[in-house]
Amino acid sequence: MTHLLEVSGLSVRFGGVRALDGLDLHLDEGETLGLIGPNGSGKTTSFNTITGFVLPAGGTVRFAGEDITAQPPRHVARRGIARTFQRLRLLTELSVFDNLMVGQHLTLDHGIWANLLGRGRLRGAIARQTDEMRTLLRHFSPTLPDRLHEPVSALTMIDRRRVEVCRALARSPRLLLLDEPSAGMTPDETAELMRDLQNVKAARPSLAVILIEHDMAVIERVSARCVVLDYGRKIADGSYAEVTRDPAVRRAYLGEEADA
Amino acid sequence: MGAPDRATIFPALAAILAGAGATLALLLAETQWHVAVVALAGVAALLIGGRAGFGDAIHRSVASHHRVTSATSWLAGAVVVFLLREHNFELLMLCTVMLYVLAGLGLTVQFGFAGVVNFAAAAFMGVGAYTAAVLMTSTGLPHLVVVLAAGVVTALIGSVLLLPLLRTRGHYAALITIAFGILFRTFLEVNDTLGGPQGLKVPGLQIFGYAFNEAIEFDDETEWSFYTAYAGVFLVVLGLAYTLVRRVERSWMGLALDAVRLDETAASAFGLNGAAWKIAAFSFGNFLAGIAGALYAILTAFIAPASFTFGDSLLLLSIVILGGLGNPLGLLPAALVVVVLPEKLQVIQEYRFLLFAALVILILLLRPGGLMPRRAREYFPGRSS
């Protein structure tokens with residue numbers, strides 16, 4: 001059977017550095033995969049290559065049975081892959097609503113009639129989107145829906161993180177790529193965000209998620225399967241328990257703990 | 001979608017009245033002192049009013065009574081034109097201000113919304129002006145068609161710059177537009193068919209058989225300046241363009257342009273085609289500049305390469321920044337200051353660039369967002385549910 005996402009032999013070079021070295025990865029509908037590894041092991045590069053921000057030197061990416069290798073980001077988005085960025089890339093001077101609507105870009109009618117002349121349809125679309133986005137935000141915070149029209153610059157770090165995740169969820173993607181959503185947050189905030197995410201996943205059973213994470217505890221809680229990268233290579237692939245028992249992983253990633 | 005706390009309409013009406021009054025006072029001021037006092041009082045009112053929160057009160061008031069206030073604004077414009085009906089020179093200045101605002105609207109879409117730099121706005125006005133001059137003298141096309149065609153031709157010629165503009169960013173893109181402006185002027189100066197450095201004469205406007213260059217006489221005593229008719233037409237054109245640009249801003253289009261300006265890369269992860277939006281913004285902006293140029297050629301009846309210099313492009317850019325980058329409304333006070341002041345203060349004519357530089361620096365120091373800073377987008381003002 002074919003998987004939703006199939007990455008095979010993916011290689012990326014930055015000058016002399018092999019950022020990714022023949023990565024194989026697969027993911028099924030509804031599955032959650034944790035992608036872990038030390039700094040510089042190629043986690044973010046693999047996201048950037050899947051989404052078309054970085055061109056691979058070799059290998060293929062297939063999504064839903066079609067080859068999407070080296071397609072530009074906007075074409076990848078069209079197929080239903082959405083992502084967040086490790087360092088938040090929200091448009092901070094715009095409102096929460098506007099940011100979420102950037103996530104909805106492909107759903108919106110950009111035609112001359114709706115936007116410039118008739119405007120009745122635009123009014124209807126805005127009312128509909130406002131309701132939808134309030135519902136989405138409510139999964140993550142009871143107060144965020146009321147702040148829909150505030151600029152993102154007025155939000156706290158955790159709320160911004162939530163908005164960025166909601167922006168990626170807005171168009172109901174088939175695959176969600178979360179690039180270290182816990183960065184810059186306290187363990188409590190991270191736990192909260194993960195719990196909210198699992199609620200969203202429960203409501204959308206076919207949504208597949210790949211989660212980049214440093215914190216093994218986070219991975220343990222949310223994902224059934226993990227892939228461990230080191231120096232651009234996959235060194236382990238299996239359940240959390242299997243992976244943490246793997247001697248190569250303990251050497252590369254858990255470091256001293258392996259000896260303890 | 002009810003309006004829970006509607007603000008009263010009075011702050012908005014007061015602002016419109018003050019704006020119209022200040023415009024009239026500035027245009028009609030006779031002595032140097034009057035001019036200086038009116039201009040400084042106007043700028044000070046905008047600066048202090050903004051600090052004191054009047055701006056927010058006016059904004060809420062306008063948003064709550066959107067239709068009435070916009071209708072009143074255009075009516076106020078018509079009244080200003082009417083009151084100036086016998087003042088030739090003042091009307092000419094008002095017309096010039098309106099055309100600068102029109103070109104400024106184009107720059108607002110390009111630079112303010114999409115973040116595409118354009119240091120050749122005057123050159124694009126020149127393309128429109130020369131297109132209109134050639135079409136009016138050598139074809140029998142109706143003049144309204146000529147004006148529209150000038151806009152289209154300008155947008156098309158602007159597309160020559162698209163490839164280099166899309167491949168460069170920031171300073172490099174700016175240099176490309178500067179180069180285009182200089183090339184354009186040199187091309188005009190050596191081109192004999194287009195009149196060379198001496199330029200071209202442009203016939204007067206005719207719409208549906210009505211000749212605009214004849215004075216408007218009612219009887220032996222009353223005679224209106226022929227610029228009254230021009231000012232009326234320009235007001236209508238400006239009204240259409242302003243409404244269009246506002247609607248671009250207050251729609252998914254405006255949001256897409258903001259996304260291109262603020263973080264094109266992040267937006268592309270959600271399917272946004274940055275290049276297509278930049279092309280649309282650049283072409284639409286040049287279309288407006290071309291129309292402004294065509295009307296300018298018709299208004300002044302004569303165009304030459306010296307009318308569309310790099311300095312004029314900078315002047316247009318300073319209007320856009322001075323008014324508040326991305327706020328179409330700010331163009332009016334900024335254009336009044338930049339166009340009318342030097343005309344009125346003949347003494348400082350030679351120092352006018354010095355004055356602008358000082359004024360722009362001063363205003364941007366006091367108010368980094370310009371005279372009327374851009375506000376957050378409201379798709380339908382007064383209806384934020």
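A:Ser46 sits in helix α1 (residues 43-50) of chain A. Helices here are DSSP runs of H or I with at least four residues, strands are runs of E with at least two, and both are numbered from the N terminus. This is a predicted model: local features need pLDDT of at least 70, side-chain atom pairs count only at pLDDT 80 or more, and totals for chains, interfaces and linings use all residues. Residues are numbered from 1 along each chain as its sequence is written, chains are lettered from A and ligands numbered from 1 in the order in which they are written, and side-chain values use heavy atoms, leaving out hydrogens and water.

A:Ser46 counts as buried because its relative accessibility is 1%. Buried means under 20% relative accessible area, exposed means over 50%, and partly exposed lies in between (1.4 Å probe, protein chains only). Leaving aside neighbours within four places in sequence, A:Ser46 is in contact with A:Leu20, A:Leu23 and A:Leu35. Contact means heavy atoms within 4.5 Å.

## Strands of chain A

Strand β1 (residues 5-14) of chain A pairs antiparallel with strand β4 (residues 58-63) of chain A over five bridges. Two strands pair if DSSP finds at least two bridges between them. A:Val7 has A:Val61 as its bridge partner in β4(A).

β1(A) also runs antiparallel to strand β2 (residues 17-27) of chain A, joined by seven bridges. There, A:Phe14 is bridged to A:Val17 of β2(A). The hairpin of β1(A) and β2(A) has two residues between the strands, and A:Gly15 takes a positive phi near 60°.

## The interface of chains A and B

Chain A brings 37 residues to the contact and chain B brings 29 residues. Together they bury about 3100 Å², with 67% of it on carbon and sulfur atoms. Buried area is the accessible area (1.4 Å probe) that two parts lose on being put together, summed over both. A:Leu116, A:Arg119 and A:Arg123 supply 20% of the area that chain A buries against chain B, more than any other three residues.

Eleven residue pairs are in polar contact across this interface, both residues at pLDDT 80 or more. A polar contact is a pair of N or O atoms within 3.5 Å; within protein, one must be able to donate a hydrogen and the other to accept it, and residues adjacent in sequence count only if both atoms are side-chain atoms. α5(A) gives the most to the side of chain A that touches chain B, with six residues.

## Salt bridges

The whole structure holds 25 salt bridges over all chains. Each is a side-chain nitrogen of Lys or Arg within 4 Å of a carboxyl oxygen of Asp or Glu. Inside chain A, A:Arg79 and A:Glu66 meet in one (3.2 Å, N to O). A:Arg79 is partly exposed at 27% relative accessibility, and A:Glu66 is partly exposed at 44%.

Three salt bridges cross the interface of chain A and chain B. A:Arg89 pairs with B:Asp263, the closest N and O atoms being 2.9 Å apart. A:Glu93 pairs with B:Arg261, at 3.6 Å between the closest N and O atoms. A:Glu93 is exposed at 54%, whereas B:Arg261 is partly exposed at 26%.

A:Asp98 pairs with B:Arg377, with the closest N and O atoms 3.0 Å apart. Both ends are buried: A:Asp98 at 3% and B:Arg377 at 12%. A network of salt bridges links A:Glu93, A:Asp98, B:Arg246, B:Glu249, B:Asp258, B:Arg261, B:Arg374 and B:Arg377.
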